[in-house]
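Student: I'm new to this one. Can you walk me through it?
Tutor: Here it is; ask as you go.

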Amino acid sequence: GGVTVHEATLIQPGLTFITAYDGQIFRPFLVDMEGKVVHRWDARYAALFKGRKELNLVWDSRQYLHGAHLYADGSVLASFEYRGMAKLDRCSRPVWLLDRSTHHSILPLADGSFWTPSVDREKKVPRPRLAKGHREDTLLHVSADGKVLEEVNVIDAILKSGYQAILLHGDTLTPDPLHLNDIELVTEELAQRIPQIKAGDFLISMRSPDALAVIGQETKAVVWSMVGPFLGQHDPDIFGDGTLLV
């Protein structure tokens, strides 16, 4: 219904990039300061990924976007929760498709590549004290043209460094023991506050065990973690002074 509260002195002027349900499908939008839509992208999962066996299990009206990024040329990355990612140009034409189980967030890098949470559905490894068939969360490094460059298994990173208490803190019987929901790059300011981490390491958020962790960029192992006092957190952000907003 438009803007009902408009405190002009408290907001950042300009256009805002959002994803939302428009009554038919979930799609990316640009809205102005009055809440008026000035541009929209047509992101229909069934049209983009036609031919996949699972398409008959989901309607476009129920396939939501969870993670999106807008580039300066008007192209967007649209992550269809646990089902795939598409890059669309500003006219909604597909540039490339990534048939991986991406979800939640996108971390763009200066070279045009990006990191995003994903799930390795091929890896079926029994883990001590975890439910059979549990989800294997990963960090996926994707090139600017949609090619997978690297994949980091988060459970492996936890076990590799002896931080298995993270896994045991939550519900170990759930098929989703981590629920990875964000990835950020460690800044110089944050690294100055925590001696064992370095700028460029990965700060991740895991909802199920109420935990944050830092994975070393070189070692691919957890080097720091914190459980609570927050519960079910999403989207931690690093402030300029190295403090965290959770």
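Tutor: One place to start is the lining of the largest pocket, where the residues divide into 1 nonpolar, 1 polar and 6 charged. Nonpolar means Ala, Val, Leu, Ile, Met, Phe, Trp, Tyr, Cys and Pro, charged means Asp, Glu, Lys and Arg, and the others, Gly among them, are polar. This is a predicted model, in which local features need pLDDT of at least 70 and side-chain atom pairs count only at pLDDT 80 or more, while totals for chains, interfaces and linings use all residues. Residues are numbered from 1 along each chain as its sequence is written, and side-chain values use heavy atoms, with hydrogens and water left out.

Student: Which residues line the largest pocket?
Tutor: Arg52, Asp99, Arg100, Ser101, Val119, Asp120, Arg121 and Glu122. On a 1 Å grid over the protein atoms alone, a pocket is an open set of points where a 1.4 Å probe fits, with protein on both sides within 12 Å along at least five of seven lines; lining residues have an atom within 4 Å of a point.

Student: How much space lies in the largest pocket?
Tutor: About 150 Å³. Grid points are joined across faces, edges and corners, and the volume is the space filled by probe spheres set on the points.

Student: New topic. How many salt bridges does the count come to?
Tutor: The count comes to 10 salt bridges, each a side-chain nitrogen of Lys or Arg within 4 Å of a carboxyl oxygen of Asp or Glu. In one of them, Arg127 meets Glu136, with the closest N and O atoms 2.9 Å apart.

Student: Are Arg127 and Glu136 buried or exposed?
Tutor: Both Arg127 and Glu136 are buried. Buried means under 20% relative accessible area, exposed over 50%, and partly exposed in between (1.4 Å probe, protein chains only).

Student: What does Asp176 form with Arg135?
Tutor: A salt bridge, with the closest N and O atoms 3.2 Å apart. Asp176 is in the loop between helix H3 (165-169) and strand E12 (180-185), and Arg135 is in the loop between strand E9 (114-119) and strand E10 (137-142), so the pair ties together parts 41 residues apart in sequence. Helices (H or I, at least four residues) and strands (E, at least two) are DSSP runs, numbered from the N terminus. Asp176 is buried at 12% relative accessibility, and Arg135 is partly exposed at 21%.

Student: Which residues do shared partners join into one network?
Tutor: Asp22, Arg27, Asp42 and Arg44, through salt bridges.
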